[in-house]
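This report goes through a protein model by region, then by core, pocket and overall totals. Please have the sequence and the coordinates open.

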Amino acid sequence: MTCAVRESGGGWRCAGVRWPREVPELGWSRGGDRRVSVLAYGAGLGFRAVGERHCVGARGNVCPLGAVVPGRSTGGRCAECARLDRAHSVAADTMADDPRTYRVYLAWFGPGMVKVGITGEERGAARLREQGAVAFSWLGRGPLMAARRTEEVLRAALGVPDRIPYAKKRAVRGQLPGPEERAGAVAELYARAAALEGRGWPESLERLPLEVVDQVGVFGLDRAPDADADADADAEPGRSLRESAPAPVRAVRELVDGGVVAGRLVAAAGPDLHLAVADGGVVVLDTRLITGWDLTAVTRATGETGATEVTGSDVRVPLIDIGGGGVQGGLF
């Protein structure tokens, strides 16, 4: 199965990766229309960026300015749309009378990387998948302001950050400890958080029992890039072919007009797609960098047509070294 991007001639622009279920989807927008392409591990994925990158707008609305935004911006919005989007987010605390139920979660992204956060209960674990949380547990549920208050109390008392940079998450994904250690880290954080009940913890927040959810399999991080379907079928139920896929060593820094990204999808976590490329390595594409671009499918030679061939493992955009931070210049 090959995952092909939509042709830019129809005016579709990529809206990045979404995780409404336990499989990643690429979102597409054209004016007020929305579409999705479900992605599959092992499938080919390739596109070429065309023209300029434009602001993705705010809260589902098209940018009134049609502003051009920088290629390296992970927000993909102009200053005005970014302000509007932030003003209407849960994090802005402008919806104190929100009647919905919220959940407080404890998330683990790698050794020494934990955080506490909140999400709408109706969204389930979508927020945890969007953030690339390797393992997590719910802590409590209740009204928005009670959940927000609990989040603030835990951050201050436990010394956990409110966010973890994606660059740090990428650096450890290929070297994750085993499932017991992952679960143990979440359980330890849960115990520390539960001990604070009654000490600034709002009475209106109901504590939920510890139940560690491990998402390594959901993200495909337990798959080897060269594992084929037959090998997967022969594996014992509940066991992966390897604990984790080879560590990605390069990441796409930005797209440029005419730049090509193509490979075989071997894993995905949060906004990141892990693509196996020709040299046997894995390159990470942060899909927040592709929002606002017109994308066209790469051209492939067939028979004796003479068309320019772009293989399923080419990467011809600027890359950065994930581990050392050194930048490779030019197009590849």
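## The loop at Thr-287

Thr-287 sits in the loop that links strand S14 (282-286) to strand S15 (294-296); helices (H or I, at least four residues) and strands (E, at least two) are DSSP runs, numbered from the N terminus. With 1% relative accessibility, Thr-287 counts as buried; buried means under 20% relative accessible area, exposed over 50%, and partly exposed in between (1.4 Å probe, protein chains only). Residues up to four places away in sequence aside, Thr-287 touches Gly-16, Val-17, Leu-26, Pro-271 and Leu-273, where contact means heavy atoms within 4.5 Å.

The model is predicted: local features need pLDDT of at least 70, side-chain atom pairs count only at pLDDT 80 or more, and totals for chains, interfaces and linings use all residues. Residues are numbered from 1 along each chain as its sequence is written, and side-chain values use heavy atoms, with hydrogens and water left out.

Thr-74 belongs to the loop between strand S5 (44-50) and helix H1 (79-87). Its relative accessible area is 37%, so Thr-74 is partly exposed. Neighbours within four places in sequence aside, Thr-74 is in contact with Asp-286, Arg-288 and Leu-289. The C-alpha atoms of Thr-74 and Ile-290 are separated by 8.6 Å, although the two residues are 216 residues apart along the chain.

Val-266 is part of strand S12 (residues 260-269). A relative accessible area of 4% makes Val-266 buried. From Val-266 to Ala-276 the C-alpha to C-alpha distance is 6.5 Å, and the two are 10 residues apart in sequence.

## Helix H3

Helix H3 (residues 144-158) has 15 residues, and at 1.5 Å a residue it should span 21 Å; the expected span is 1.5 Å times one less than the number of residues. The end C-alpha atoms of H3 are 21 Å apart, which agrees. Just after H3, Gly-159 takes a positive phi of about 70 degrees.

The buried residues of H3 are Leu-144, Ala-146, Ala-147, Arg-148, Thr-150, Glu-151, Val-153, Leu-154 and Leu-158. They pack against strand S6 (101-110), strand S7 (113-120), strand S8 (135-143) and helix H5 (179-194).

## Nonpolar cores

A nonpolar core is a set of buried Ala, Val, Leu, Ile, Met, Phe, Trp, Tyr and Cys residues joined through side-chain atoms within 4.5 Å. The largest one has 69 residues, and Leu-154, Leu-255 and Leu-295 have the most contacts inside it. S6 gives the most to this core, 7 residues. Another core, of 7 residues, lies apart from it and includes Cys-55, Cys-63, Val-69 and Cys-81.

Not counting residues up to four places away in sequence, Leu-154 touches Val-104, Leu-106, Val-116, Leu-139, Gly-159, Val-160, Ala-193 and Leu-196.

## Second largest pocket

The second largest pocket has a volume of about 300 Å³. Its lining has 14 residues, of which Ala-167, Arg-170, Ala-251, Val-252 and Ile-320 are the closest to its centre. A pocket is an open set of points on a 1 Å grid over the protein atoms alone, where a 1.4 Å probe fits, with protein on both sides within 12 Å along at least five of seven lines; lining residues have an atom within 4 Å of a point. Grid points are joined across faces, edges and corners, and a volume is the space filled by probe spheres set on the points.

Helix H4 (166-172), strand S11 (250-252) and strand S16 (319-321) each supply at least two residues of this lining. H4 gives the largest share, 3 residues.

## Overall totals

The protein has 7 helices and 17 strands. Of its 332 residues, 47% are buried.
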